Amino acid sequence: MHCHSVPARNNWREQAHDRGYNVALLTDPPYWIEAIEDPFCAVFSQKESSEIIDSATAELTKLALQLVEEICCSAKSEHYFDYIRIPGFAREPIRRSWKRHDKSLFGRFDFAYNENSLKLLELNFDTPTSLYESAHLQRLWIEASRQLQSIPLECTQSNSIQEKLIATFRSLIPYGQVFHLGTFEHAIEETENLKYLQSCAVQAGLETQFIYLDDLKYNANGRLVDLQGRIITCLFKLFPWELLFLEDAKSFASSGKYLFAPLIMSNETTLIEPAWKSILSNKAILPLLWNMAPNHRYLLEASLDDNSESAKRLANVAHVRKPIFGREGSGVSIRSEHSPEETHQDGRSEEPCIVQAYAPLQTYRDFHLVIGSWVVDGEPAGICIRADQSKITGRNALFVPHYVI
């Protein structure tokens with residue numbers, strides 16, 4: 001992989017706006033690469049795209065699902081749930097969700113890729129961000145940039161995300177049912193991603209209804225309903241399971257009733273992503289993956305930060321420390337061989353953490369590049385790149401489009 005400068009399209013803001021995207025999220029502060037003064041793009045070879053990244057994605061997806069099976073179904077299930085800090089009331093619902101094969105939609109692996117070495121940093125398999133940019137905006141970019149001859153006319157892009165989303169929606173949702181999609185009203189970025197998913201569902205021929213999760217109600221029969229009183233038979237919730245479990249704990253403390261755990265158990269409302277995806281959004285599975293496949297070519301050694309021998313060993317070498325429920329770099333710190341500790345200060349220090357061997361990111365100019373590899377319906381679906389001037393990829397990262405040659 002390498003990068004090079006590429007001129008910004010004159011009308012990229014209008015193009016995004018005309019398709020219903022909140023352009024302020026791309027420009028204020030800059031998030032889409034064309035919002036900066038000297039934009040650039042990434043370039044992959046066909047071998048890198050298919051034989052390295054796609055191959056690793058398929059292999060790690062299989063390994064991750066094997067781990068979910070072990071956590072949910074083995075004799076050590078309770079031990080594993082203790083390890084990944086899943087509350088007791090949520091465990092049987094998660095097991096039930098996995099054992100009845102609740103279908104899932106998508107996820108994203110994040111990789112460090114440097115000098116032909118690809119290493120898994122983490123999994124984002126419950127509420128992965130940057131979907132719209134990955135599936136749609138960078139496709140608009142490559143089509144226009146080829147016409148402008150700022151990139152090779154014969155290049156392609158590793159990006160079948162939209163086609164696979166549409167096909168998967170057709171198989172996920174029974175024909176004739178209203179498909180509800182929701183997030184909380186304050187979650188602006190999630191709302192934009194949800195609008196895009198809704199458009200894919202519409203293209204799949206589904207009848208859809210956007211709803212804020214704040215407005216969910218129960219009818220007299222205990223069924224989940226929308227503001228019009230319609231029973232919600234299938235709900236895509238773009239909000240992390242671990243936070244929904246916190247809401248459940250608060251609800252039980254105040255009223256003696258759980259909200260989401262009974263929904264999962266009854267299966268009267270199909271929830272997407274399913275509850276078992278809460279396992280794959282938890283960074284404590286990184287040590288478990290390492291224990292399952294030690295010295296795997298795509299894995300980094302990892303351990304809970306628990307004063308164990310493995311944790312002490314990792315703490316004495318170049319390593320990354322991550323909260324197990326952290327997002328967008330929050331609370332992450334790095335100790336590399338060549339620099340002092342660098343930390344995002346907005347993390348929750350009381351949260352359990354893992355330590356993970358440090359893998360340097362490829363750099364371009366002053367940016368550190370993380371490769372995202374999308375999975376839709378269990379299959380590799382496309383590549384995205386985020387670039388941050390910090391070694392820790394966070395909220396200030398830029399989205400960088402790519403092409404394959």
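These notebook entries record what I looked up in a predicted model.

**Entry 1. The three-stranded sheet**

I began with the sheet that contains strand S2. Three strands form an open sheet here, in the order S1-S2-S20, and their pairing is mixed. I noted strand S1 (2-5) and strand S20 (402-404) as the edge strands, since each pairs on one side only. From one strand to the next, the twist averages 30°.

I then looked at one pair of strands in this sheet. Strand S2 (residues 40-44) and S20 run parallel and are joined by three bridges. Within this pair, Phe44 stands opposite Val404 in S20.

Next I asked which helices lie on these strands. Helix H3 lies across S2 and S20, and its direction is at about 65° to S2. Helix H6 (residues 131-147) also packs on the sheet, where it touches S2 and S20, and its direction makes about 60° with that of S20.

**Entry 2. Helices H3 and H12**

I followed H3 to another of its contacts. Two packed helices are described by the angle between their axes and the distance between the axes. The axes of helix H3 (residues 46-73) and helix H12 (residues 285-292) come within 10 Å and cross at roughly 100°. Angles of 65 to 115 degrees count as roughly perpendicular, and H3 and H12 are therefore roughly perpendicular to each other.

Which residues of H3 and H12 meet? On the H3 side I listed Leu63, Ala64, Gln66, Leu67 and Ile71, and on the H12 side Ile285, Leu288, Leu289 and Met292. Sorted by class, this contact has eight nonpolar residues, one polar residue and no charged residues.

I turned to a second sheet. Four strands form an open sheet in the order S6-S5-S9-S10, with parallel pairing. Its edge strands are strand S6 (207-212) and S10, each of which pairs on one side only. The twist averages 25° from one strand to the next. Strand S5 (residues 178-183) is joined to S9 by four bridges, and the two run parallel. In this pair, Gly182 stands opposite Lys237 in S9.

I then examined helix H9 (residues 241-255), which has 15 residues. From its first C-alpha to its last, H9 reaches 20 Å, close to the 21 Å expected at 1.5 Å a residue. I found Trp241, Glu242, Leu244, Phe245, Asp248 and Ser251 buried in H9. The buried residues of H9 pack against several elements, including strand S9 (234-237), strand S10 (270-272) and helix H5 (88-99). After H9 comes Gly256, whose phi is positive, near 80°.

I looked next at a hairpin. S3 and S4 run antiparallel and are joined by seven bridges. Asn114 stands opposite Ser117 in S4. S4 is mostly covered, with six of its eight residues buried.

Is Glu115 buried or exposed? Glu115 is in the loop between strand S3 (106-114) and strand S4 (117-124). The cut-off for exposed is over 50%, so Glu115, at 75% relative accessibility, counts as exposed. The hairpin has two residues between the strands, and Glu115 takes a positive phi near 55° there.

**Entry 3. Backbone exceptions**

I then collected backbone angles that call for a second look. Most residues other than glycine have a negative phi, and most peptide bonds are trans.

Arg85 is not a glycine, yet its phi is positive, about 65°. Arg85 is found in the loop between helix H4 (77-83) and H5, and is partly exposed, with a relative accessible area of 39%. Asp377, also not a glycine, has a positive phi of about 55°. Asp377 lies in the loop between S17 and strand S18 (379-388) and, at 46% relative accessibility, counts as partly exposed.

Where did I find cis peptide bonds? The bond from Asp28 to Pro29 is cis, with omega near 0°, and Pro29 is in the loop between helix H2 (24-27) and S2. A cis bond also joins Ile272 and Glu273, with omega about 0°. Glu273 lies in the loop between S10 and H11.

**Entry 4. His368**

At 14% relative accessibility, His368 counts as buried. Leaving aside neighbours within four places in sequence, His368 is in contact with residues including Leu361, Thr363, Arg386, Asp388 and Lys391.

Terms used:
Residues are numbered from 1 along each chain as its sequence is written. This is a predicted model: local features need pLDDT of at least 70, side-chain atom pairs count only at pLDDT 80 or more; totals for chains, interfaces and linings use all residues. Side-chain values use heavy atoms; hydrogens and water are left out. Axes are lines fitted to C-alpha atoms, for helices over the stretch in contact, and angles run from 0 to 180 degrees between N-to-C directions. Angles under 35 degrees count as roughly parallel, over 145 as roughly antiparallel, 65 to 115 as roughly perpendicular and the rest as oblique. Contact means heavy atoms within 4.5 Å. Ala, Val, Leu, Ile, Met, Phe, Trp, Tyr, Cys and Pro count as nonpolar, Asp, Glu, Lys and Arg as charged, and the others, Gly among them, as polar. Buried means under 20% relative accessible area, exposed over 50%, partly exposed in between (1.4 Å probe, protein chains only). The expected span of a helix is 1.5 Å times one less than its number of residues. Two strands pair if DSSP finds at least two bridges between them.
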